[in-house]
Amino acid sequence: MTDLSKRLEQLRDGIDALDSQLVDLLAKRAQLTTEVGQIKAQTGMPIYVPEREKSLIASRRAQAETAGVAPALVEDLLRRIMRESYHTQNNQYLCVNPDAGKVVVIGGEGALGGVFVGLFEKSGYDVAVVEKADWESGQAETILKQARLAIVAVPINITEQVIAQLNVLPDDCILADITSVKQRPLQAMLDVHPGPVVGLHPMFGPDAPGMIKQVVVVCDGRQRDAYAWLVEQMTTWGATIHRSDAGEHDEAMAFIQVMRHFNTFVYGEHLRGEDPDLEQLTAFSSPIYRLELAMVGRLFAQAPALYADIIFNNPDNYALLRRFHERFGHALSLLEAGNKQAFMAQFSKVGEWFGDYAKRCLTDSKQLLLKADDGHLLRK
């Protein structure tokens with residue numbers, strides 16, 4: 001073995017030893033964050049405190065710069081470590097309202113309904129679930145008559161049908177839904193129930209481990225003070241609350257959900273029709289194209305009924321999709337005419353409309369793409 005080989009082996013042994021120390025340090029940090037979680041559960045302090053996180057990262061970035069370490073590297077490590085601690089340290093949460101009474105989740109055995117059931121149980125609430133069999137046996141009415149909070153967590157296409165059967169709820173029971181559309185379900189709840197009513201839209205899927213750093217849209221219905229504790233409980237779970245008018249919410253969802261899902265559906269159908277080799281596409285793709293393809297594939301790994309309900313639910317959205325179709329056709333006509341100048345002029349107009357947001361996206365996406373490449377995302 002040459003002197004250089006010996007030195008290389010010594011250096012690698014030193015790196016291995018430091019990596020081992022890192023693991024030990026992470027274990028010690030996890031013990032501390034677990035204790036922090038226990039204190040927060042007892043006091044009701046929010047799980048996620050943006051100011052604390054921002055201050056911590058700023059301090060460590062400054063320390064890294066002084067030590068000659070890339071601040072961006074330290075920030076990436078810290079954010080990953082903190083994300084893990086958020087989701088592992090909290091097995092219990094403070095019960096904001098111990099006198100809340102029975103919480104009933106209609107559709108609580110479903111994916112998203114189950115997330116709510118788990119969170120309420122971790123907070124010590126008395127939770128019951130109503131499913132299809134309970135309606136058929138007559139048990140649902142018995143359970144609902146005891147409810148002090150009833151949350152409708154069923155598919156969009158039967159939400160209003162289920163709400164129509166909730167006239168058996170006590171007058172002081174809070175009635176809420178968690179569907180991704182708000183105007184019609186909220187009005188249906190107001191029509192059937194004289195008590196407190198609120199529309200909720202958790203802006204995350206059932207694969208989310210909880211509400212930490214997640215947005216929940218709140219559309220006020222009736223007797224806001226009566227369900228203030230529910231909003232506070234979601235904040236304790238780590239959610240960021242965004243209040244919105246139901247109409248404003250549904251208009252935004254036309255762009256955020258309907259248009260994007262429909263566009264992805266068409267792209268996926270086009271790929272199916274052209275039948276390229278997906279493995280070959282990913283092999284030839286840079287990280288950004290692999291991510292884009294991953295988002296298309298993700299849609300088709302899920303239940304078609306869910307996306308059909310979202311897209312078909314509101315015929316008012318069809319006009320938006322028709323306008324998208326017309327703009328696609330116009331762009332294609334520029335291509336077929338060989339009008340590159342007109343294409344670039346239109347491109348510039350869109351860039352001006354996006355403004356500084358486009359520049360932020362460019363910066364942020366670079367970090368995302370580096371992480372994707374580090375993990376060899378969707379590559380063999």
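What distance separates the centres of domain 2 and domain 3, taken over C-alpha atoms? In this predicted model, the two centres lie 32 Å from each other. The protein chain as a whole is divided into domain 1, covering residues 3-89, domain 2, covering 103-244, and domain 3, covering 250-378. Where domain 2 and domain 3 are in contact, domain 2 contributes 11 residues and domain 3 contributes 7.

An annotation from a record can be set beside this division. An unreviewed UniProt entry lists residues 101-365 under the name "domain: Prephenate/arogenate dehydrogenase".

One pair of helices can be followed in more detail. Two packed helices are described by the angle between their axes and by the distance between those axes. Helix 10, which spans residues 246-274, packs against helix 14, which spans residues 318-336, at an angle of about 55°, and their axes are 11 Å apart. Because of that angle, helix 10 counts as oblique to helix 14, and the crossing in which helix 10 passes helix 14 is right-handed.

The residues that form this packing can be named from both sides: helix 10 brings Ala254, Phe255, Val258, Met259, Phe262 and Asn263, and these meet Leu320, Leu321 and Phe324 of helix 14. Sorted by class, the contact of helix 10 with helix 14 comprises 8 nonpolar residues and 1 polar residue, with no charged residues.

Conventions:
Residues numbered from 1 in each chain as written. Predicted model: local features only at pLDDT ≥ 70, side-chain atom pairs only at ≥ 80, totals over all residues. Heavy atoms only, no water. Axes fitted to C-alpha atoms, helices over the stretch in contact; angles between N-to-C directions. Helix = DSSP H or I, 4+ residues; strand = E, 2+ residues; numbered from the N terminus. Parallel < 35°, antiparallel > 145°, perpendicular 65-115°, else oblique. Left-handed = near helix turned anticlockwise from the far one by under 90°. Contact = heavy atoms within 4.5 Å. Nonpolar A, V, L, I, M, F, W, Y, C, P; charged D, E, K, R; others polar. UniProt positions renumbered as here; feature names shortened; annotations may be inferred. Domains from an automatic or database assignment.
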